[in-house]
Amino acid sequence: MLTIKGVRDSKKMKRKICYKRIERFSGRFMRRFTLPGITDVGRINATSRDGVLVLTTPKLPQLQPKSIEVNIPQKK
């Protein structure tokens, strides 16, 4: 389970000749995501660029299939 918590604080302003309107959005938020079982939890990386959260969730290395040779005795 990946939990992201943060605080949102933004302001939107609109100016016209006869009025000025300001809207403010603020508050805490939390989002939870269920990660697939193939996620390498120890290597999750988070960065923020230009107000955008970038999460990198690498996969675990794939297990290579194991081949087993079966020896069948020949009939006489």
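Is Thr 3 buried, partly exposed or exposed? Thr 3 counts as partly exposed, at 33% relative accessibility. Here, buried means under 20% relative accessible area, exposed means over 50%, and partly exposed lies in between (1.4 Å probe, protein chains only).

## Basis of the report

This is a predicted model, in which local features need pLDDT of at least 70 and side-chain atom pairs count only at pLDDT 80 or more, while totals for chains, interfaces and linings use all residues. Residues are numbered from 1 along each chain as its sequence is written, and side-chain values use heavy atoms, with hydrogens and water left out.

## Overall form

The protein chain contains zero helices and four strands, and its elements run β-β-β-β from the N terminus on. Helices (H or I, at least four residues) and strands (E, at least two) are DSSP runs, numbered from the N terminus.

The radius of gyration of the protein chain is 27 Å, whereas a compact globule of 76 residues would have a value near 11 Å. This radius is taken over C-alpha atoms, and the globule rule is 2.2 Å times the number of residues to the power 0.38. Along the principal axes, the C-alpha atoms of the protein chain fill a box of roughly 105 × 20 × 20 Å. Of the 76 residues, 7% are buried.

## Distances along the chain

Thr 3 is placed in strand 1.

Pro 65 lies in the segment after strand 4 and counts as exposed, with 74% relative accessibility. Between the C-alpha atoms of Pro 65 and Ser 26, which are 39 residues apart along the chain, the separation is 51 Å.

## Salt bridges

Side chains of opposite charge can pair when their charged atoms come close. A salt bridge is a side-chain nitrogen of Lys or Arg within 4 Å of a carboxyl oxygen of Asp or Glu. The structure holds two salt bridges.

One of them joins the side chains of Arg 21 and Glu 23, at 3.5 Å from N to O. Arg 21 is partly exposed, at 37% relative accessibility, and Glu 23 is also partly exposed, with a relative accessible area of 28%. Another salt bridge links Asp 40 with Arg 43, whose closest N and O atoms are 3.4 Å apart. Asp 40 counts as buried, at 16% relative accessibility.

## Surface patches

Patches are made of residues with over 30% relative accessible area and no salt bridge; like charges are joined within 9 Å, and nonpolar side chains (Val, Leu, Ile, Met, Phe, Trp, Tyr) within 5 Å. Accessible areas come from the Shrake-Rupley method with a 1.4 Å probe, and for residues only the protein chains shown count as cover. Lys and Arg count as positive and Asp and Glu as negative, while His and the chain ends are not counted. The place of a charge is taken as NZ of Lys, CZ of Arg, CG of Asp or CD of Glu.

A positive patch is formed by Lys 11, Arg 15, Lys 20 and Arg 24. At least two of its residues come from each of strand 1 (2–15) and strand 2 (20–33). Arg 15 belongs to strand 1 and is exposed, with a relative accessible area of 58%.

Ile 68, Val 70 and Ile 72 make a nonpolar surface patch of about 380 Å². Ile 72 is found in the segment after strand 4 (52–56), and at 70% relative accessibility Ile 72 counts as exposed.
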